[in-house]
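The stops below are meant to be selected one after another.

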Amino acid sequence: MNGGIIAICPGSFDPVTYGHLDIITRASKMFSQVIVLVAGNISKNCSFTPEERVEMIKKCIPDLENVTVEHYDGLLADYCAERGATAIVKGLRAMSDFEYEFQMALTNKKLNPNVETLFLTTAAQNMYLSSSMVKQIALMGGDISSFVPEVIRQDIIDRIQK
Ligand code: PNS
């Protein structure tokens with residue numbers, strides 16, 4: 001796409017939830033191009049491979065034409081520079097997210113001064129939703145239908161309950 005701002009929605013997405021999908025959908029309305037980036041988080045042991053996470057996200061957003069999904073192993077700041085992206089968009093849930101997100105935003109700004117981090121307020125119904133909560137519920141045989149789309153529900157149950 002020519003012109004306009006390229007925004008990155010980065011995360012572990014292990015797995016993607018309705019909370020992430022809400023932020024991605026809203027970002028797609030604000031920017032000409034959005035790249036959902038499955039990135040590494042050294043403090044997390046993921047249940048799905050990066051490729052699986054990319055595929056699950058793609059399955060959930062077939063209709064968002066200006067959104068692509070990719071995986072990158074390096075620094076987010078470097079990826080933004082490589083792709084000419086000038087915005088990082090993240091969802092902010094409760095205050096508990098704030099310190100961690102603020103630290104990352106400031107670090108990314110230091111590493112790549114051309115990039116601004118923007119926070120979207122999470123939708124009220126997703127306030128307490130997290131990927132780790134979804135995995136816990138799936139592990140214990142609970143109903144995850146309020147948290148993740150139907151197209152990936154069985155993939156999650158199969159992996160977590162194996
Ligand atoms: O969904 P998460 O785990 O909270 O997302 C964190 C993520 C993946 C966005 C962050 O760990 C990240 O940007 N990883 C890429 C490597 C990097 O740039 N690390 C320094 C961040 S300041």
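The tour goes from the sheet to a helix, then to a loop and the ligand.

This is a predicted model, in which local features need pLDDT of at least 70 and side-chain atom pairs count only at pLDDT 80 or more, while totals for chains, interfaces and linings use all residues. Residues are numbered from 1 along each chain as its sequence is written, and side-chain values use heavy atoms, with hydrogens and water left out.

**The sheet.** Select the five strands, which form an open parallel sheet in the order β3-β2-β1-β4-β5. Strands (E, at least two residues) and helices (H or I, at least four) are DSSP runs numbered from the N terminus; two strands pair if DSSP finds at least two bridges between them. At the edges are β3 (67-72) and β5 (116-121), each pairing on one side only. Strands of a sheet pair through backbone hydrogen bonds.

**Strand β1.** Select residues 6-11, which are β1; two bridges join this strand to β4 (residues 87-92). With β2, β1 pairs over six bridges, also in the parallel sense. Now pick A7: its bridge partner in β4 is A87, and its bridge partner in β2 is V34.

**Strand β2.** Select 33-39. Seven of the seven residues of β2 are buried, so the strand is largely enclosed by the rest of the structure. Buried means under 20% relative accessible area (1.4 Å probe, protein chains only). Q33, I35, L37 and A39 point one way, and V34, V36 and V38 the other way.

**Helix α1.** Select residues 18-30.

**The loop between β1 and α1.** Select F13, which lies in this loop. F13 has a positive phi of about 50° although it is not a glycine. Most residues other than glycine have a negative phi, and most peptide bonds are trans. At 4% relative accessibility, F13 counts as buried. P15 lies in this loop too, and the peptide bond from D14 to P15 is cis, with omega near 5°.

**The ligand.** Which residues are the closest to the ligand? Among the 15 that surround it, they are S12, G40, N41, K44 and L76, where a residue counts if one of its heavy atoms lies within 4 Å. A polar side-chain atom of S12 lies 2.5 Å from an oxygen atom of the ligand. From a backbone N or O atom of G40 to a nitrogen atom of the ligand is 2.8 Å.

Conventions: Contact means heavy atoms within 4.5 Å. Axes are lines fitted to C-alpha atoms, for helices over the stretch in contact, and angles run from 0 to 180 degrees between N-to-C directions. A polar contact is a pair of N or O atoms within 3.5 Å; within protein, one must be able to donate a hydrogen and the other to accept it, and residues adjacent in sequence count only if both atoms are side-chain atoms. Buried means under 20% relative accessible area, exposed over 50%, partly exposed in between (1.4 Å probe, protein chains only).
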